[in-house]
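The following paragraphs lead the reader through a structure. Please keep the sequence and the model in view while reading.

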Amino acid sequence: MRARRIPRHSARGAAGRDIDHFLTRRYTVEAVPILRLPQGAAGVRIEVENLACRRSGRLVFQGLSFSLATGEALLVTGRNGAGKSSLLAILAGRLAAEAGAIWVERPGERTLPEMLHLVGHRDALKSALTAQENLAFARDLLGDPDLSPRDALAAVGLGQAAELPVAYLSAGQRRRVALARLLVARRPLWLLDEPTSTLDATSQEMLFGLIRAHLSSGGLLVAATHGPLPIGSARELRLGR
Amino acid sequence: MTRAFLALIARDLRLAARIGGSGALVLVFFLMFVTLVPFALGPDLNLLSRIGPAILWLAAVLATLIGLDRLFQADEEDGSLDLLRSSPLPLELVVVAKVIAHWLATGLPLALFAPLFGLLVALTPAGMAATTATLLAGTPALTFIGAVGAALTSTIRRGGLIVPILVLPLMIPTLIFGVSAANAALGGTVPFVAPFLMLTALSLAAAVIGTMGAAAALRWSE
């Protein structure tokens, strides 16, 4: 294995000087015989070392270390304000870490933000656009297209709402449109922030099914959650005292 | 990457058309300002046609500021900026795409309607042509300069008035050369080309500096 140091990824800028991303190329990736693998998921490994986060002066967490490889899920739990969302924001390159390092091992040249989907509290949907237009935009923007927007909406049970402006949808339906974004572009790492909130029982089952399929096809998942998710084996990372 | 770039422009244009805020509102403001001037100055046609280009340019500068504060703030509030950050598109190109869409929705209509509104201030045909040409060449500079202010204030709630305070001083050179080029076309000692080329240069420089500045501001704000 050959390791090469790459500059901090493009979406972080100067604030991210504490996090180093390392790239390890693997030359055997093409030989892995898995069907419909999330692109670049084979051989993806993320190692987090001694991560610390400070927000408005307060040290939210420190000394956080974990690693995540292909097909693995990590559930981040902890009380409100323990830093679950902050951890996801750091992984997404949205927030600068106070200290620590994130190492990424993967085939190809992508930066960490280009490898992940983030579905958080802010759903990144434009109310004036229809569900289908929102997803079509995300598909063109993120690259590596997978399902068509219509198929993705059908997969989350919103096939009939494709032509409706998102403004007319309920909170749970909006959340499902945001989750459908996971399906329109293929990305190995899913960052989900309390994915079950506002979802009814049927939709939660649908979501668990999507997550299980993602993991079994070699994807990675980091989810901030208050309860256990029935998605098979998952490790738990407990934040806070 | 081209696909993502074009998709972003198309989305912003579609949003502008559907929400109807920026484009139409900017034109209405432009019209209001130009209509008020003859009432304030009195019906002296010679005076009006002499200061006509200046009035249209002033109106254009102020109208450009409308909606500018929402350029990145709207995306910041609903999380779209996180989505844009995780696209393969560098933030610089995100800024360029959004500025192009914003200019097509506001700056371009301003320039195209300038001859019509010029009638209100008794502009001569030569003056109308010159004003339109200078607005076409100069409004991109206004939008690119404004983008820096918009990016800096993207995380500030109710930052509406801060953007004008930040960017208006930087727009003054564009205003000076825009008005002097338009006036030169009405006659005078300066040829039209000299200030007009300066204006185009300002637009090109603003396109580079504004893009870099806005992208840096977006990275820095979190």
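**A covered helix and its surroundings**

The buried residues of helix α1 of chain A are covered by elements of chain A that include β3, β4, β5 (73-77), β7, β8 (189-193) and β9 (220-224). Helices (H or I, at least four residues) and strands (E, at least two) are DSSP runs, numbered from the N terminus. A residue is buried if 20 or more other C-beta atoms lie within 10 Å of its own, exposed if 12 or fewer, and partly exposed in between, with C-beta atoms placed from the backbone. Two residues are in contact if their C-beta atoms, placed from the backbone, lie within 7 Å.

The model is predicted, and local features need a pLDDT of at least 70, side-chain atom pairs count only at pLDDT 80 or more, and totals for chains, interfaces and linings use all residues. Residues are numbered from 1 along each chain as its sequence is written, while chains are lettered from A and ligands numbered from 1 in the order in which they are written.

Helix α1(A) is mostly covered, with 8 of its 8 residues buried. These buried residues are K84(A), S85(A), S86(A), L87(A), L88(A), A89(A), I90(A) and L91(A). The helix, residues 84-91, lies across β3 and β4 of chain A and runs at about 125° to β3(A). Such axes are lines fitted to C-alpha atoms, for helices over the stretch in contact, and angles run from 0 to 180 degrees between N-to-C directions. After α1(A) comes G93(A), which has a positive phi near 75°.

Strands β3 and β4 also belong to a sheet. It is an open sheet of 3 strands in chain A, in the order β4-β3-β6, with antiparallel pairing; two strands pair if DSSP finds at least two bridges between them. Because β4 and β6 (99-105) of chain A stand at the edges with a single partner strand each, one side of each is left without a neighbour in the sheet. Neighbouring strands of this sheet are turned by 15° against each other on average, direction ignored.

Strand β3 (residues 45-55) of chain A is joined to strand β4 (residues 58-69) of chain A by 8 bridges. In this pairing, C53(A) has F61(A) of β4(A) as its bridge partner. The two strands form a hairpin with 2 residues between them, and S56(A) in the turn has a positive phi of about 40°. Between β3(A) and β6(A) there are 6 bridges, again in an antiparallel arrangement. Here the bridge partner of R45(A) is E105(A).

Chain A as a whole has 5 helices and 10 strands. Of its 241 residues, 46% count as buried. Among contacts in chain A with a separation of 6 or more, 72% are between residues 24 or more positions apart.

The contact between the chains takes 29 residues from chain A and 24 residues from chain B. On the side of chain A that touches chain B, the elements giving two or more residues are β7 (116-119) and α2 (131-142) of chain A. The largest share, 5 residues, comes from α2(A). The predictor gives the complex an ipTM of 0.87 and a pTM of 0.85.

In chain B, V148(B) lies in helix α7 (residues 125-152). V148(B) counts as buried because it has 24 C-beta neighbours inside 10 Å. Leaving aside residues up to four places away in sequence, V148(B) touches V167(B), G210(B), G213(B), A214(B) and A217(B).
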